[in-house]
Amino acid sequence: MQKFCRLAIAVSIAVSSVLVNASEKKVEDIPIPILAPEEQHATSSKRITAQFTRAHYKQVKMDDSLSKQIFDRYIKQLDYARNVFIQADIDKFTKYRLDFDTVISRGKLDEAYEIYNVNLKRRLERYEYALSLLEKPFDFTLDESYNFDREDAAWPKDKAELDELWRLKVKYDALNLTLAGKEWKKVAEVLGKRYRYAIKRLKQSESEDVFQIVMNSFARVVEPHTSYLSPRNAERFQMEMNLSLEGIGAVLRAEEDYTVIQSVVSGGPADKSKELKPKDRIVGVAQAKEEFVDVIGWRLDDVVELIKGPKGTQVRLQILSGESDDEANIKTVSIIRDTIKLEDRAAKSEVYYEIPGDKTSKKLGVINIPSFYNNLSRDVKVELKKLNDENVEGVIVDLRGNGGGSLTEATLLTGLFIDKGPVVQVRNGANRIEVNSDRDGISYYKGPLTVMVDRYSASASEIFSAAIQDYGRGVIIGEHTFGKGTVQQHRGLGRVYDLYEKPFGSIQFTIAKFYRINGGSTQHRGVLPDISFPSAIDPEDWGESKEENALPWDKIPKAEYTKLNELSSDFAYLQSLHDQRIMENTEFNYLLDDIKTYKAEKDDKTVSLNLAIRKEKREKNKAKQLIRVNERLVRLGKEKVKSLDDDLPDELDELDPFLDEAAKITFDLVSLGRMAKK
């Protein structure tokens with residue numbers, strides 16, 4: 001009801017009377033809003049322009065070239081799949097393409113709102129058409145296919161072509177539900193609710209929604225880590241609620257019609273479930289034993305409202321894997337909501353025995369670091385003392401999935417493994433370079449060291465890994481890292497003297513870049529591991545390399561430092577032992593087989609709409625997974641299962657072939673007699 005009231009103020013008193021009574025009317029009876037800029041938006045737009053052009057690390061010039069980019073990005077944000085507008089709409093909008101620099105810098109946003117209002121109308125037409133298609137079942141025996149990636153496709157030339165695109169889209173949605181075992185009546189019911197809710201969302205659109213898209217279109221053509229936050233999102237940011245607001249310890253983002261898990265907070269309820277991972281999509285939410293609510297197409301804010309809740313209560317999620325579009329593969333995950341405690345996110349260590357369960361065998365220390373939180377180095381110092389007391393022969397620092405955090409802690413953590421010296425260089429927009437160094441003259445661990453990274457390791461993780469690599473202090477193992485080498489600042493747009501009725505949002509913008517002590521930036525290139533694990537993802541298809549308008553890689557003069565060891569001569573030997581092992585390792589052979597399949601299929605952006613073909617593929621995949629599960633069970637000395645639906649032992653979830661192989665590499669390093677101190 002609050003949303004309705006806010007919208008009423010933005011539109012008119014007449015519309016307000018309709019919306020206040022919306023609960024008594026059908027969705028079809030509520031008119032679609034005609035949105036216009038609010039009073040504070042012009043001022044906010046001017047302040048954003050001033051900040052980006054004066055204080056951003058990147059030189060920002062408001063001109064026709066930038067205007068074209070903002071316009072194109074705005075249109076893309078409104079119709080990412082090119083299935084809402086037709087070519088005639090685009091032709092009409094093109095007259096504004098050179099105006100968007102002026103639109104934003106002067107706060108004259110009427111043209112942007114005009115385009116958005118057309119988009120609302122077109123989306124309403126699309127969902128109404130989608131509902132009309134549910135009047136009779138689809139024929140799933142035809143050899144038709146659905147193209148799920150139309151980002152670079154031509155705009156539909158007319159309504160007939162648009163209707164055909166949506167017929168295939170609705171058929172695709174219906175087939176996924178059919179594969180999940182639903183009869184047509186239930187399929188039509190679920191999709192009807194989904195499309196009617198989408199219409200309801202359209203009719204609840206607010207002026208701030210438009211402003212947010214316009215400003216982020218501006219921000220993202222400047223640089224991918226620059227953004228505008230609406231007042232609601234700014235409040236969340238300031239409260240650091242993204243760690244616990246959802247109640248499950250997961251950071252969520254909107255991607256097309258889906259709510260996607262961006263990251264899972266280590267130690268939180270989602271992490272402890274062991275069933276959620278980045279890129280998974282939340283397609284349904286249920287409270288305890290209540291029925292699931294289909295949330296495909298929902299606003300992110302509304303999905304968050306469903307997921308969050310009091311500590312100790314249960315929420316159930318229907319999860320569609322990030323690697324699958326088949327709703328027959330949806331799994332249900334039950335989570336007890338909780339708040340995220342600092343101790344749950346703290347670094348932890350364990351002793352890894354060369355022969356599992358045999359405490360007389362050789363041993364290593366493994367320190368898992370989920371993020372670079374305040375006082376991380378203090379906690380790791382404690383863990384290192386424990387491991388030194390255990391007389392471990394080497395230490396593995398596990399930074400997989402670590403998206404970064406405190407720059408200060410990255411410097412202090414590096415200092416635990418070196419006596420003293422520079423760790424990272426930071427250059428600001430005025431080309432001034434500051435060197436962050438460790439100066440205590442003490443190493444808290446002097447033995448063999450390896451660092452595990454993956455493609456999710458970013459920012460502070462890359463600073464630490466790069467410093468260890470540049471000093472020759474240890475061996476970096478895993479995947480090419482993300483490649484984020486920039487520093488952001490958060491700033492509110494409101495002023496104490498503002499007298500506007502509604503609040504201002506805030507912005508994040510880049511103010512500096514990180515550089516390794518060897519002079520190279522971690523931006524774009526990330527950290528290339530010394531020993532690489534097989535990966536399905538090529539570095540250029542992931543991370544900063546994939547971001548549009550990302551700042552380029554460059555270099556500055558190297559800092560003054562003395563290399564501790566020259567390990568490069570050992571890498572070929574370590575790599576050869578690793579390569580030989582993975583050829584004989586069943587888990588890595590599974591991975592290599594999956595990589596081969598992924599690369600063969602990744603360029604095919606279509607999916608069959610033939611029920612028999614889809615069923616055959618699904619059964620083939622399930623049979624393949626069942627074979628693997630039973631092979632694992634045999635290796636664990638367990639009984640085989642007949643179906644993936646059977647109860648599977650917890651030991652399967654604890655398998656970590658990457659850590660096992662990293663341990664073998666570390667033992668190889670130990671056997672070389674290399675102490676990582678000069």
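**Overall fold**

Analyst: Please note that this is a predicted model. The protein chain has a secondary structure of 22 helices and 19 strands.

User: How compact is the protein chain for its length?

Analyst: It is as compact as a globular protein of that length, because its radius of gyration of 27 Å is close to the 26 Å that the globule rule gives for 678 residues.

User: And what box do the C-alpha atoms fill?

Analyst: Along the principal axes, the C-alpha atoms of the protein chain fill a box of roughly 80 × 65 × 45 Å.

User: What share of the residues is buried?

Analyst: Of the 678 residues in the protein chain, 50% count as buried.

User: Which residues have the most contacts inside the largest nonpolar core?

Analyst: They are Ile48, Tyr74 and Ile115, in a core of 65 residues.

User: What is tyrosine 74 in contact with, leaving aside its neighbours within four places in sequence?

Analyst: Tyrosine 74 is then in contact with Phe100, Ala112, Ile115, Tyr116, Val210, Ile213, Val214 and Ser217.

User: What about the accessible surface: how much of it belongs to carbon and sulfur atoms?

Analyst: The accessible surface of the protein chain is about 32,300 Å², and 50% of it belongs to carbon and sulfur atoms.

Technical notes: Residues numbered from 1 in each chain as written. Predicted model: local features only at pLDDT ≥ 70, side-chain atom pairs only at ≥ 80, totals over all residues. Heavy atoms only, no water. Helix = DSSP H or I, 4+ residues; strand = E, 2+ residues; numbered from the N terminus. Rg over C-alpha atoms; globule rule 2.2 N^0.38 Å. Buried < 20%, exposed > 50% of the residue type's maximum accessible area, 1.4 Å probe, protein only. Areas by Shrake-Rupley, 256 points an atom, 1.4 Å probe, with all protein chains shown as cover. Core = buried A, V, L, I, M, F, W, Y, C linked by side-chain atoms within 4.5 Å. Contact = heavy atoms within 4.5 Å.
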